[in-house]
Each structure stands twice: as structure tokens, then as C-alpha cells.
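Please look at the sequence and the structure first.

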Amino acid sequence: MLDKRKIKTKRLIERTFIALLSEKEFSRITIKEISEKALISKSTFYDHYVDKYALLNTIILEYSNEFQTEIHERFKSVDEHNTLEVISSITQDLALQNKNLSAILRVTGTDRSLEINFRKILFMESFTYFESHPINKRFSSDFLAKMYAEMALASISYTLANYEDKELLKQQVDFVNLLQQSIIGKI
């Protein structure tokens with residue numbers, strides 16, 4: 001049976017950690033600081049996480065799993081002809097999570113990073129799509145997937161930097177949709 005208190009405490013620790021990441025570098029954050037800001041004891045922190053790296057990895061995994069699902073839906077949407085709606089939804093979700101994603105994406109110098117996970121997810125999902133939907137003979141699936149992943153990451157960065165400007169986000173969605181149509185439809 002799930003213990004609601006444990007779940008609430010875990011979420012509190014995660015939110016506090018992300019808030020601290022918005023203020024300072026990962027390397028400068030301590031367990032003591034997380035505990036004090038979350039108003040919990042250090043032992044409570046250690047009941048949930050081995051160290052701050054485990055906490056970071058948990059958060060990265062949660063965001064990566066959510067992103068994996070969204071990107072998988074995006075590629076499914078191509079065959080269902082509702083790509084624009086899916087792209088809009090993903091863009092809106094990213095904009096809503098702007099502060100948290102920006103803070104987590106800034107963490108570098110560890111074994112894992114959210115950006116690395118996003119890049120792998122984008123590459124694998126697009127590679128799988130291009131392999132199962134041979135859209136042309138001019139470009140390899142590997143090349144198309146690499147280009148797609150890099151452009152999608154640039155799009156994510158743009159969304160996070162411009163999340164308050166609805167018109168720019170609409171233009172971005174339109175551009176990404178046109179780009180995808182040209183890659184999948186006309187090459």
C-alpha cells in the first residue's frame with residue numbers, strides 16, 4: 001500500500017531541489033541545504049535518496065519517461081494525421097514546465113543529464129520511425145534521425161527561452177509542422 005506521506009515528502013524534496021537548481025549550480029547544492037529548505041531532517045532525505053545524484057537521476061528519469069511518451073505519440077500522430085495537435089500539446093507542456101526543465105537541463109558534468117536523455121529519445125524514436133517508414137532513398141535513417149533530434153532539441157531550447165510569447169510559440173509549432181511535412185512528405 002502506498003504511503004501518502006512518503007509520496008508527499010518525496011515530491012517536496014524534488015520540488016525543493018529543482019528550486020535550488022534554479023538558483024545555483026548542482027555542484028554547490030548540499031543535502032543539508034535541501035533538507036533545511038524543505039523543512040525536513042537529513043535522515044528523512046536519506047530515507048528517500050542515497051545522495052543528491054540519486055535525486056537528480058530520479059528527476060531525470062521521471063522527465064525522460066514523460067518525454068518518451070510524448071515523442072512516441074508524436075510519431076504515432078504522423079500516421080494518424082494529427083501531428084499539428086500533438087506538436088502544439090508538446091510545446092505547451094514544455095512551456096508550462098519552463099522553469100523546472102530549464103533548471104534541470106542546465107545540470108552538466110554528471111554521468112547523466114536530461115539533455116542527453118532527450119537527445120537519445122529523439123534519435124531513437126525518429127530512427128525507428130524512419131526505418132519503418134522508408135520515406136526516401138536519398139538519406140539514411142541514421143542521418144535523418146540525427147538531424148531531427150538536433151533540430152528538435154533546438155526547438156525545445158527555443159520554447160523554454162520564449163515560453164511567454166504565445167505568437168512565437170505558434171510560429172514555432174507551424175514551422176516544426178512544415179519541416180516535418182517536408183521531411184516525411186516530399187524528400
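The text below takes the helix contact, then the cavity.

The model is predicted: local features need pLDDT of at least 70, side-chain atom pairs count only at pLDDT 80 or more, and totals for chains, interfaces and linings use all residues. Residues are numbered from 1 along each chain as its sequence is written, and side-chain values use heavy atoms, with hydrogens and water left out.

Helices H6 (residues 98–105) and H7 (residues 114–132) pack at an angle of about 100°, and their axes lie 8 Å apart. H6 is therefore roughly perpendicular to H7 (angles of 65 to 115 degrees count as such). Helices are DSSP runs of H or I with at least four residues, numbered from the N terminus. Axes are lines fitted to C-alpha atoms over the stretch in contact, with angles from 0 to 180 degrees between N-to-C directions. Leu101, Ile104 and Leu105 of H6 meet Leu114, Glu115 and Phe118 of H7, where contact means heavy atoms within 4.5 Å.

There is one cavity of 30 Å³ or more. A cavity is a set of points on a 1 Å grid over the protein atoms alone where a 1.4 Å probe fits but cannot get out; lining residues have an atom within 4 Å of a point. Its volume, the space filled by probe spheres set on the points, is about 70 Å³ for the largest cavity. Tyr63, Glu66, Phe67, Glu70, Asp93, Leu94, Gln97, Leu101 and Phe118 line the largest cavity. Helix H4 (52–80) and helix H5 (83–96) each give two or more residues to this lining, and the largest share, four residues, comes from H4.

Key: Parallel < 35°, antiparallel > 145°, perpendicular 65-115°, else oblique. 1 Å grid on protein atoms, 1.4 Å probe; cavity = no way out; pocket = protein on both sides within 12 Å on 5 of 7 lines; lining within 4 Å.
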